[in-house]
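Here's a quick tour of some strands and how they pair up. Have the sequence and the 3D view open while you read.

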Amino acid sequence: MASYLVIVESPAKAKTIKKYLGKNYKVLASMGHLRDLPKSQMGVDIEHNFEPKYITIRGKGELLSKLKKEAKNSDKIYLATDPDREGEAISWHLANVLEIKENEKCRIAFNEITKLAVKNAIKAPRKIDINLVNAQQARRILDRIVGYKISPLLWRKVRKGLSAGRVQSVATRLICDREEEIESFVPQEYWTIAANLTDQKSLETFEAKFYGSEEGKIDLENKEVVDKIIDELKDSKYIVKKVKKGERKRNPTPPFITSTLQQEASRKLGFTTKRTMMTAQQLYEGVDIEGEGTIGLITYMRTDSTRIADEAQSTARHFIESKFGKEYVPETPKQYKSKKGAQDAHEAIRPTNVLLEPDKIKSSLKPDQYKLYKLIWERFLASQMRSAIFDTLHVDIEAKNYIFKATGSKIKFQGFMILYIEGNDDETEDGENTIPELVEGQQLKLKKLNPKQHFTQPPPRYTEATLVKALEEQGIGRPSTYAPTIITIIARGYVEREKKQLKPTELGKIITDIMKSHFKDIVDIEFTANMEQQLDEIEEGKKDWVALLREFYQPFSITLKEAEDEIGDVEIQDEVTDEKCEKCGRNMVIKHGRYGKFLACPGFPECRNAKPILEEAGVICPLCNGKVYIKKTRKGKKYYGCENNPKCEFMSWDEPLKEPCPQCGGVLVKKVSKKSSKVQCLNKDCGYERN
């Protein structure tokens with residue numbers, strides 16, 4: 001009996017795929033990449049056509065031996081890594097180490113991990129796409145050259161441990177440029193006048209806004225202009241001059257692509273890009289659903305195409321009709337145009353089976369999985385529903401020689417809005433201003449004139465959602481790079497989160513200034529976007545990857561030499577705190593390390609005292625009345641501990657609440673599990689508990 005070996009990246013994916021294949025198939029995981037460029041050296045032979053030097057990743061030797069052994073005992077090997085550049089490269093490396101022939105049809109790929117998709121892929125294996133591999137190699141080598149050539153320069157000139165990255169440097173620049181705009185912004189004064197008017201028939205009150213006169217709009221620049229107009233409006237009659245009724249459609253938004261999923265999960269769920277992609281990966285690779293077994297719940301989550309398979313669209317239309325009614329199904333299926341340059345190999349992100357409604361499988365999902373699956377499910381179904389229809393009303397009201405305008409709308413048909421409405425970055429939803437039925441020539445009663453002073457606002461700082469949107473719009477990076485880019489610039493201490501906003505650190509500003517002055521192309525948005533297009537051309541077989549690297553490296557090497565000569569030593573002042581060093585009494589300073597900020601004594605190396613920056617939990621320790629801090633284990637798991645540890649043993653994995661226990665006055669904690677969330681007293685003798 002023939003035996004087959006299928007290799008995927010992760011154990012979760014292996015478990016899901018194994019379910020769909022017979023006993024003859026063995027499914028193993030490579031645990032991501034098995035080979036990469038070495039960490040201790042550049043690993044690229046620039047003189048010999050940028051030849052990469054690949055080595056087995058530390059710790060993967062035993063796994064590689066196991067895969068080789070299984071490969072020798074198998075009649076056929078299928079490489080089933082993810083359907084993108086990175087996945088193709090992993091398969092290429094596997095083919096090399098397992099000595100699979102170059103023309104062997106060993107590669108299978110699927111956009112969703114379902115029985116049909118896996119079975120169809122097994123029936124139609126293909127050769128490894130060397131163009132995809134070369135595009136990945138070119139990106140990897142480009143990033144390695146930039147990192148390994150610029151980073152040592154920053155070490156020597158600025159501070160040890162610094163590094164530069166190709167896409168990360170541009171992302172940091174966007175955040176720094178935005179901060180400059182905010183700092184240099186000069187507010188401009190402007191005013192508005194709102195009239196609260198009452199329809200004397202219905203006695204309904206509504207608001208109309210000052211527009212100007214018959215000749216056109218009048219800008220209300222200052223109080224003098226406003227006072228003059230209000231004075232002229234004294235004892236004025238407010239007459240309805242013009243009533244215009246209409247109808248407005250609101251179309252559903254397209255199904256998710258990687259960037260829009262990250263944006264919406266940030267807006268609606270408060271997820272970071274990392275949390276979104278990690279959860280989406282779990283949903284794609286497979287979740288154990290009660291009564292169903294392990295199922296891949298969504299299609300591949302790294303995509304920039306809004307295309308939907310005909311079969312999935314047809315199933316969605318039938319489901320919408322049965323769930324909401326025939327009037328919610330559009331006459332023709334909705335089609336969405338992908339942005340220019342999008343890779344159409346994958347579909348948009350959608351549920352693999354719309355019949356698996358989020359609430360029906362909620363008990364089998366972790367909280368994050370449920371929230372994200374629900375978001376994807378609702379967005380996909382809404383994208384296939386009819387548009388919403390609003391009745392609109394535009395009214396012009398005349399007072400003396402001035403015009404006030406009022407606009408209102410009310411829903412006539414909910415359409416897709418019965419299920420889902422896209423969030424906004426400014427956290428406001430479309431409001432409805434209800435206006436009573438008015439007729440031309442009708443007189444209204446003025447209740448109040450409300451003049452209000454305003455000042456123009458600076459552009460807001462980027463959030464993770466708006467930064468992803470900016471990177472996508474500018475053509476910087478690919479769907480797979482958005483999350484790691486943001487993680488990297490925060491980890492390096494170039495950018496920090498302030499609530500939801502991304503703010504550059506002093507270090508980030510200094511590095512960006514150096515890059516803008518001496519490595520203009522590396523942080524140039526247009527140059528980086530053009531590089532992305534050329535990588536796409538390599539993927540399409542239109543450009544040679546070595547030629548791209550040569551074109552990049554020649555001017556880059558000249559720039560590097562000039563920078564070495566021109567950059568002087570840069571001194572970065574550490575931020576001084578009020579916290580005293582317990583060992584020598586100096587004021588401790590904030591330093592940036594591999595795991596974020598920490599406090600250190602400025603007396604290093606004489607005094608080596610250092611400690612984490614702790615956030616107060618806002619409650620008193622129930623054992624010793626000390627402060628309770630939010631702390632982290634070495635693996636990064638959050639817990640709550642007393643300031644007097646280790647003398648005081650208080651520690652809790654659950655979040656303590658500020659309110660005392662109503663029964664015993666002890667500490668209440670919020671206990672969150674997969675199936676429930678409850679408040680419980682830490683005092684075991686008390687037993688107080690509530691949902």
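**Strands side by side**

Strand β29 (residues 677–681) and β30 pair in the antiparallel sense, with two bridges between them. Here, two strands count as a pair if DSSP finds at least two bridges between them. Strands are DSSP runs (E, at least two residues), numbered from the N terminus.

This is a predicted model: local features need pLDDT of at least 70, side-chain atom pairs count only at pLDDT 80 or more, and totals for chains, interfaces and linings use all residues. Residues are numbered from 1 along each chain as its sequence is written, and side-chain values use heavy atoms, with hydrogens and water left out.

- Look across from Val-679 and you'll find Arg-690, which sits in β30.
- β29 and β30 belong to an open sheet of four strands, ordered β27-β28-β29-β30 with antiparallel pairing.
- At the edges are β27 (655–660) and β30 (689–690), each pairing on one side only.
- In general, strands of a sheet pair through backbone hydrogen bonds, either parallel or antiparallel.

**Around β14**
- Nine of the twelve residues in β14 (residues 388–399) are buried, meaning under 20% relative accessible area with a 1.4 Å probe, protein chains only.
- β14 pairs with β11 (residues 238–250) in the antiparallel sense over twelve bridges, and Lys-244 has His-394 of β14 as its bridge partner.
- β14 also pairs with β15 (residues 402–413), again antiparallel, over eleven bridges.
- Glu-398 stands opposite Ile-403 in β15.
- The hairpin of β14 and β15 has two residues between the strands, and Lys-400 takes a positive phi near 55 degrees there.

Definitions and conventions:
Buried means under 20% relative accessible area, exposed over 50%, partly exposed in between (1.4 Å probe, protein chains only).
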